[in-house]
Protein chains: 2
Amino acid sequence: MAEEAAVRAQAEAVRRLKQDKADPDEIAKEVAKLLEMKAQLGADEGKHKFVLKTPKGTRDYSPKQMAIRERVFNVIITCFKRHGAEVIDTPVFELKETLTGKYGEDSKLIYDLKDQGGELLSLRYDLTVPFARYLAMNKITNIKRYHIAKVYRRDNPAMTRGRYREFYQCDFDIAGQFDPMIPDAECLKIVHEILSDLQLGDFIIKVNDRRILDGMFAVCGVPDSKFRTICSSVDKLDKMPWEEVRSEMVGEKGLSPEAADHIGEYVQLHGGLDLIERLLQDPKLSQNKLAKEGLGDMKLLFEYLTLFGITGKISFDLSLARGLDYYTGVIFEAVLLQQENDHVEEPVSVGSVAGGGRYDGLVGMFDPKGRKVPCVGVSIGIERIFSILEQRVEASEEKIRTTETQVLVASAQKKLLEERLKLISELWDAGIKAEVLYKKNPKLLNQLQYCEDTGIPLVAIVGEQELKDGVIKLRVVATREEVNVRRESLVEEIRMRTSQ
Amino acid sequence: MAEEAAVRAQAEAVRRLKQDKADPDEIAKEVAKLLEMKAQLGADEGKHKFVLKTPKGTRDYSPKQMAIRERVFNVIITCFKRHGAEVIDTPVFELKETLTGKYGEDSKLIYDLKDQGGELLSLRYDLTVPFARYLAMNKITNIKRYHIAKVYRRDNPAMTRGRYREFYQCDFDIAGQFDPMIPDAECLKIVHEILSDLQLGDFIIKVNDRRILDGMFAVCGVPDSKFRTICSSVDKLDKMPWEEVRSEMVGEKGLSPEAADHIGEYVQLHGGLDLIERLLQDPKLSQNKLAKEGLGDMKLLFEYLTLFGITGKISFDLSLARGLDYYTGVIFEAVLLQQENDHVEEPVSVGSVAGGGRYDGLVGMFDPKGRKVPCVGVSIGIERIFSILEQRVEASEEKIRTTETQVLVASAQKKLLEERLKLISELWDAGIKAEVLYKKNPKLLNQLQYCEDTGIPLVAIVGEQELKDGVIKLRVVATREEVNVRRESLVEEIRMRTSQ
């Protein structure tokens, strides 16, 4: 109210200056002041008005988006089930302390709930920590499960590139003490199957091992205490050139230039079995226990991947580091490749669409006695996949149906609502997907238009003469063909014409 | 630390008393004090220990529970799709102000998020308010959609009866300006179909109309200002006898005893078309505009329900009130009936499993210009249904499979891991659901036991002789029958034997 009075006073002052034919510059100055005061007032008013939006970084899914989402989920779930996975679900929030100390620096991105009395709660940040909590709580030492659910991160959203504050994760994990690299190889096979089935274009799965990285850091002369922080610098190599990463290592993180250069030689290496063999002969790496273990397992992994026939898309890549602290062995990340132009020789990476690795220590963090349950798992980056497919659908102008309705029950004349309702009830009871317009006397043209708009393939038309004859007129929307079908055969006829 | 020192001092005091052979009573007293101090210390330590649990009122779903949940969802989604519904999704949280003023007294049960900078957010309390916000925000005036998602209420949980703080809602709603009672009748048909398909036992769907209730309150002499509060008393009639409800009306809510008694006469009425006709002739009700409108529409509704063939399970019940403020027309609630004992004559209601009604004003609360979009919808009370089905499964000892694996790839001899991996890869690539034990040399007995435990019907056994002969031994777990199948026919053979 005080602000409004101030605006009125300023307006009065401007009016008087004009009346007094004052210096135009002075008038302009006071008018500018008035406008700014008004804008300020307007902005304040705006704040108190009702804002019709979803929270920052979140979105609704429209029926069309849901149709795309269901297609993608269907491919992924079919794959997870093909590999014999069970499914679990956990609450959207956890006790705050369950998430504490699991995500390192990223903990600041966790959404906390308001303390309204009772327990302190936070929204889940991923599905892996709740999974580990679930295993420890239920003393499960052996499970293969998937979990598809939303997770929450107070990150800077980049929604056009599929980065949200609320987003889906699709996780598949194998927990249990098994012979080396067999479950790890299956995780990679799953990524290969899903990315192939989704037909997203060419892709490559980069593979590395935390033990190889740690061994490499050791032989390059990185002090133990700097392993994690240097690892997170290496992790930036997919977004930054080596020179920048190197200067971060030396400048910000105090690594010796010699050590950094030494790392630089290793992280440019990528290849297959040949590279593994070469590194197993590397005079320095082969002397390091961790690196030797990691390289041995990597060799075994490649043998299994050869049996699966998928090594063509796997690249052992020493620059792959992955951000999360809890990985202890194999790590991997799948990226889509895009042949942007003819004159670009190397395919361009358009970003990660799946990732995962082995985390043998996480469950032990929850077990009162610290008992470990080795785990390996993969997470499909579903939001980026949605974005790609949505853009593709937009570009292609492909018409996506958002319902599965097989037939619209219509009438050509008035006063046939009762007959329409009787017929549709028969169809529903027989399991036919059917709709009717919620009008007493809809025009036939409007009914046919509704089918065009929504992609309903058939129309069952009730008419007075047909009712007397015991038939229903069945119209095929695409061809405009019409046939009379005896009422008792209608269900069978619709089934036949809509089965694929 | 101070407490620990105090305990040590007390222990020393006890030791000295014993050494001095003090009065046994005094020793006992000091020992008791020591024990209490120790217990206190232990409890404090416990508080700081890690608590391995899910938040109050929430639960994990195990694979077995998920299998039941998927069966139920499958029935419900199939029904929603049969009726031509699209599907949408909304974020788990909304701007706090979106939920403000929609739930009356129950607003205190809303979960707020902590203010971490940025917008003030709350977890959704139901799916109806987000749906209304979605319609207004996207200016949608016409949609038939379902939405299945979790909602959150800081209520007192009663988990054995299926009441949680995090729980699923399955909502189907029809929005748009249509001819009266056609969408309303379809909602009731949907409830009837779902409860029949789920085979939960006998049920009844109670129906009433807010306008009939309001008209009834008016002719009974309830002041306008008391309509809502008296309505919420009537809503308790399914849990409390009339006498208690009456004394709440008169005592707590200050209604005249005459008005209460008058209401008492109406709310015991329930029936079908006959009752509607009788009330349309009721000298008082027929004079009330609202009641007359409501009764006229109720008659129309019953005509449509007769065409759908479901009036046998519908009861027009004047005691049905429903809690939520936003209903404006038809309201309904489905309850399961249970023939508890032979000597009980009336079937006993075991609680509501679905409910809904018409809310023509809610979307207008979000529209900047107050434009209304009439809506009617139904919500399936899925958690209570889960509870019932879970208990039924427990009681029946029915074995529920938690995976869909068709075949286990096994070996009878050692050193055949490579051959197993090669074969399973072929099966996966052909779309067969297959598993393999993650052991280099598993015992055949263990592999067969795994099939017994998890319900896998077939075992494909790799053996040295069979490999030479180009065949795989296929074993039917249930019958122990074994046949040799040529490797190139294995996929077809597995498909044939596991198709139903």
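Visitor: Glu193(A), buried or exposed?
Guide: Buried. This is a predicted model, and in it Glu193(A) has 5% relative accessibility, so Glu193(A) falls under the 20% cut-off.

Visitor: Which side chain does Glu193(A) meet in a salt bridge?
Guide: Lys189(A), at 3.1 Å, N to O. Both lie in helix α6 of chain A, four residues apart, about one turn of the helix. Lys189(A) is buried as well, at 1% relative accessibility.

Visitor: What about Lys236(B), which residue is its salt-bridge partner?
Guide: Glu248(B), with the closest N and O atoms 3.1 Å apart. Lys236(B) sits in the loop between α8 and α9 of chain B and Glu248(B) in helix α9, so the pair ties together parts twelve residues apart in sequence. Lys236(B) is partly exposed at 32%, whereas Glu248(B) is buried at 8%.

Visitor: Which residues do salt bridges with shared partners join into one network?
Guide: Arg82(A), Lys189(A), Glu193(A), Asp197(A) and Asp429(B).

Visitor: Switching to the interface. How much area is buried between chain B and chain A?
Guide: About 8,200 Å², with carbon and sulfur atoms giving 59%. In chain B, the residues losing the most area to chain A are Leu52(B), Trp428(B) and Tyr438(B), together 11% of what that side buries.

Visitor: How many salt bridges between chain B and chain A?
Guide: The count is 18. One of them pairs Asp60(B) with Arg133(A) at 2.6 Å.

Visitor: Where do those two lie?
Guide: Arg133(A) is in helix α5 of chain A, and Asp60(B) is in the loop between α2 and α3 of chain B, so the pair joins two chains. Both are buried.

Key
Residues are numbered from 1 along each chain as its sequence is written. Chains are lettered from A and ligands numbered from 1 in the order in which they are written. This is a predicted model: local features need pLDDT of at least 70, side-chain atom pairs count only at pLDDT 80 or more; totals for chains, interfaces and linings use all residues. Side-chain values use heavy atoms; hydrogens and water are left out. Buried area is the accessible area (1.4 Å probe) that two parts lose on being put together, summed over both. A salt bridge is a side-chain nitrogen of Lys or Arg within 4 Å of a carboxyl oxygen of Asp or Glu. Buried means under 20% relative accessible area, exposed over 50%, partly exposed in between (1.4 Å probe, protein chains only).
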